[in-house]
Amino acid sequence: MQITNTILMIRPVAFRMNEQTAVNNYFQEDISITNNEINKKAQKEFDDFVQTLRDHGVNIIVIDDKRDPDTPDSIFPNNWISFHDSGTIVVYPMFAENRRKERREDIFDVLEENGFRIDNIVDYTSAEEEGVFLEGTGSILKDRVNQKAYCALSERAHEELFIEFCEDFDCFPVIFTANQNVDGARKPIYHTNVMMAMAETFAVICLDTIDDKKERKNVVEHLEKDGKEIIAITEAQMHHFAGNMLQVYGADDKRYMVMSSQAYQSLREEQINAIQKHCDIIHSSLDTIETCGGGSARCMMAEVFLPKA
């Protein structure tokens, strides 16, 4: 299955702009209000987002973050963990040192309490000692049905470890570099999932960020070969988080594409219509989280594919 009905989300207690991730996350911006006010706004956005998803029948497991240790980006759990239908949990090496503190074994207990089975844990975190990183489903976009994995290389997504992941999980690697304009220069986009979203029958992607024509052609050929409709977005739309979407199941197995309100409002009518040929759209305002955190709706949702016990 490409998509799931169950999502793990972490409710923040000390959300703010993370100075350690801002060095290569060019989506982050500072806000001239106190960190306490930022966190209150983020909590409101988080709660409204969770309620919107639940109103559409999506099963959300909410876990509260802890005040100690200080983890300003805990709201984005998909970067440190992923849950697989084989009963395997994968734990990933993180670029920012303060993000490594987000990893919590008690979350495994919560999943088991919710009736899920955990058979195996694959831990790549020792790669941090060598300065090698691969930040979960932020870096890796899996086409689960066709056993492929897409990855835009960056400081947070190292090629050797990505290939090792693909070997461990029997995926064909589709590797490329995606760049964005930063102060007149082209610099790597920090995560694949801000420029590309993989759904069952379509993919939303900012092809303009793949500067190498051969790499761009290769990505397009893989998507087309697997029957995915390609819905292209512009780099400007990507900066409104239009690439940071996730398809989920809701009530009665109805499919939805989930995104922020900013992302939705950036889309042209024909792009919205193209998505709605495949599924309905859910969107919620995440302005504070997007501005300070440099991530959006997809980054907040860790998909749970684990089998039931």
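This is a predicted model: local features need pLDDT of at least 70, side-chain atom pairs count only at pLDDT 80 or more; totals for chains, interfaces and linings use all residues.

Biologist: Which residues of helix 2 are buried?

Modeller: In helix 2, residues 106-113, the buried ones are I107, F108 and L111. Buried means under 20% relative accessible area, exposed over 50%, and partly exposed in between, with a 1.4 Å probe and protein chains only.

Biologist: Why are they on the same side of helix 2?

Modeller: Because they cover an arc of only 105° around the axis; the arc is that of the directions from the helix axis to the C-beta atoms. In general, an α-helix has 3.6 residues a turn, so residues three or four places apart point the same way.

Biologist: And what covers the buried residues of helix 2?

Modeller: The cover includes strand 1 (6-11), strand 2 (59-64), strand 3 (81-83), strand 4 (88-91) and strand 5 (120-123). Contact here means heavy atoms within 4.5 Å.

Biologist: Turning to cavities, how many of 30 Å³ or more are found?

Modeller: A search of the whole structure finds three. A cavity is a set of points on a 1 Å grid over the protein atoms alone where a 1.4 Å probe fits but cannot get out, and lining residues have an atom within 4 Å of a point. The largest cavity holds about 120 Å³ of space.

Biologist: Which residues lie nearest the centre of the largest cavity?

Modeller: L141, M198, L246, R298 and E303 do, out of 14 lining residues. Strand 6 (140-143) and strand 11 (196-198) each supply at least two residues of that lining. By class, the lining of the largest cavity has seven nonpolar, three polar and four charged residues.

Biologist: What is the volume of the second largest cavity, and which strand gives the most to its lining?

Modeller: Its volume is about 70 Å³. Strand 3 gives the most to the lining of the second largest cavity, with three residues. Among the residues that line the second largest cavity are I81, S82, F83, K142 and E303.

Biologist: Now the aromatics: how many pairs does the structure hold?

Modeller: It holds four aromatic pairs. Rings of Phe, Tyr and Trp (its six-membered ring) pair if their centres lie within 6.5 Å; planes under 30 degrees apart count as stacked, over 60 as edge-to-face and the rest as tilted.

Biologist: Why does the pair of Y92 and F165 count as tilted?

Modeller: The ring centres of Y92 and F165 are 6.4 Å apart and the planes are at 40°, so the pair is tilted. Y92 is in the loop between strand 4 and helix 2, and F165 is in helix 4 (residues 159-168), 73 residues apart.

Biologist: Is Y92 buried or exposed?

Modeller: Y92 is buried, at a relative accessible area of 1%. F165 also counts as buried, at 1% relative accessibility. Y92, Y124, F165 and F169 form one aromatic cluster.

Notes. Residues are numbered from 1 along each chain as its sequence is written. Side-chain values use heavy atoms; hydrogens and water are left out. Helices (H or I, at least four residues) and strands (E, at least two) are DSSP runs, numbered from the N terminus. On a 1 Å grid over the protein atoms alone, a cavity is a set of points where a 1.4 Å probe fits but cannot get out, and a pocket is an open set with protein on both sides within 12 Å along at least five of seven lines; lining residues have an atom within 4 Å of a point. Grid points are joined across faces, edges and corners, and a volume is the space filled by probe spheres set on the points. Ala, Val, Leu, Ile, Met, Phe, Trp, Tyr, Cys and Pro count as nonpolar, Asp, Glu, Lys and Arg as charged, and the others, Gly among them, as polar.
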